[in-house]
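Me: I have a new model open on my screen and would like to learn how to read it. Could you walk me through some of its features?

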Amino acid sequence: MTTQTDVDEKVNLKSLTKGELENFTEELELQSFRSDQLFQWLYQKGVHSFDEMTNLSKDLRARLKEIATVPTIEHVRQQESEDGTIKFLFKLQGEEDHKVESVLIPEFYPDGAADRLTVCVSSQVGCVFGCSFCATGAMGFFRSLTHGEIVDQVQYIDALCEEKFGKGITNVVYMGMGEPLHNYDAVVNSANIITDELSIGLSPKRITVSTVGLTKQIKKLADERQPFNLAISLHAANDEKRDEIMPINNAMNLEQLEEAVKYYYQKLHRPITYEYLLFDEFNDTPEDARQLADIVQWVPSKVNIIMYNNVAGVALKKAREQRLDAFMQELVKRDITATVRRSRGEDIDAGCGQLAIKDGQEKGKTIRKN
Ligand code: SF4
């Protein structure tokens, strides 16, 4: 039975996939090219209203306005680091209290021209997984973003890059607020839009989806043969230490992760990247490095050793340089491909979630280890 609420409810066009948008225009009995036009307005030109869709007739725009909406996230503020990193804060449409962050990490050629322009996007407002070192985890979980809200972050920053550097973004990493695979459909749909020629047209090889290790979804990525890169936030190389800082490890331990990673590799033959935050006197001993090397050898993989951005109120601290050196030497001995990632934007609270917390987000729900 159709209720008055159903009739009144407008369709959010930015929650529809490309196929669903085609169905929507078909139901309205519009010519088939109209769905591509709408898609381009939404995801290539990034318009905020139907009035800006100038190749649609006035009548059609009026008709669409009556039945549909095109909500867009709103840029609230940004902070620029001395190293060029820019952190953005966005407000979700109609939700005063819900904000998400994105970060642009530019790299430059020696002559100062922009080389790689990486955008780190958020996939959720807050996060349910409560990792002890993470500002987003401390905030709790509010809701998942739609794919439109994820693409909006990329689009806003892509346009800014065109203006500032004369070229668009080159890479997208899903490593901002939230656990991307806990919002599987929106993340995959947004990545598919970003790679679409009628949108930004980025190569899937330039997109990395990261996860704390949700094994079911890792296998799903493999079964669906999703063409994006996979990164695993490991941060500890044995169950005891991982249990201590990442509650997810209680439910899905390293043995289960190993099985999922092997399944993924067997299906896709694509190397995996591990992310390993190095914490002082916690996970930075030579024995930790040897255990990490064992994990990196499950399947062909590489590892990024990341120097942590200290977060106020978090006991874990960034490792010291001499401990990093000893750790790296141990990995080299085991022929592991490892890169040290220096913290970017330390002067602008660039650890994910820090800016949103500063902006006064309320507390949401969290899974915590007792
Ligand atoms: S590190 Fe990732 S999964 Fe863990 S709390 Fe932060 S956002 Fe969530």
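Reply: Happy to! Let's begin with a loop residue: Glu 281 sits in the loop between E12 and H12. Keep in mind as we go that this is a predicted model.

Me: Is Glu 281 buried or exposed?

Reply: Count the neighbours. Glu 281 has 11 C-beta neighbours inside 10 Å, so it counts as exposed.

Me: What should I notice about the backbone there, at Glu 281?

Reply: Look at phi. Most residues other than glycine have a negative phi. Glu 281 has a positive one, near 55 degrees. His 235 is another non-glycine residue with a positive phi, of about 65 degrees. His 235 belongs to the loop between E11 and helix H9 (239–245), and it is buried, with 26 other C-beta atoms within 10 Å.

Me: Now the strands. How many are in the open sheet, and in what order?

Reply: The general idea is that strands of a sheet pair through backbone hydrogen bonds, either parallel or antiparallel. Here the open sheet has 10 strands, ordered E3-E4-E5-E6-E9-E10-E11-E12-E13-E14, and the pairing is mixed. Strand E3 (74–80) and strand E14 (338–341) are at the edges; each has a single partner strand, so one side of each lacks a neighbour in the sheet. On average, neighbouring strands are turned by 25 degrees against each other, direction ignored.

Me: Which residues can I use to find the pairings of E12?

Reply: Strand E11 (residues 229–233) pairs with E12 in the parallel sense over 3 bridges, and Ser 233 stands opposite Glu 275 in E12. E12 and E13 are also parallel, over 7 bridges, with Ser 301 in E13 as the bridge partner of Ile 272. To get from E12 to E13, the chain passes through helix H12 (residues 286–296), and this β-α-β crossover is right-handed.

Me: Why is E12 described as largely enclosed?

Reply: Because 5 of its 7 residues are buried, E12 is largely enclosed by the rest of the structure.

Me: Where does Cys 127 lie, and what does it touch?

Reply: Cys 127 is in the loop between strand E7 (124–126) and helix H5 (135–139). With 29 C-beta neighbours inside 10 Å, Cys 127 counts as buried. Leaving out residues up to four places away in sequence, Cys 127 touches Thr 136, Gly 137, Phe 141, Met 177, Gly 178 and Glu 179.

Notes: Residues are numbered from 1 along each chain as its sequence is written. This is a predicted model: local features need pLDDT of at least 70, side-chain atom pairs count only at pLDDT 80 or more; totals for chains, interfaces and linings use all residues. Two strands pair if DSSP finds at least two bridges between them. Helices (H or I, at least four residues) and strands (E, at least two) are DSSP runs, numbered from the N terminus. Axes are lines fitted to C-alpha atoms, for helices over the stretch in contact, and angles run from 0 to 180 degrees between N-to-C directions. A residue is buried if 20 or more other C-beta atoms lie within 10 Å of its own, exposed if 12 or fewer, and partly exposed in between; C-beta atoms are placed from the backbone. A crossover is right-handed if, with the strands pointing away from the viewer, the path from the first strand over the helix to the second runs clockwise. Two residues are in contact if their C-beta atoms, placed from the backbone, lie within 7 Å.
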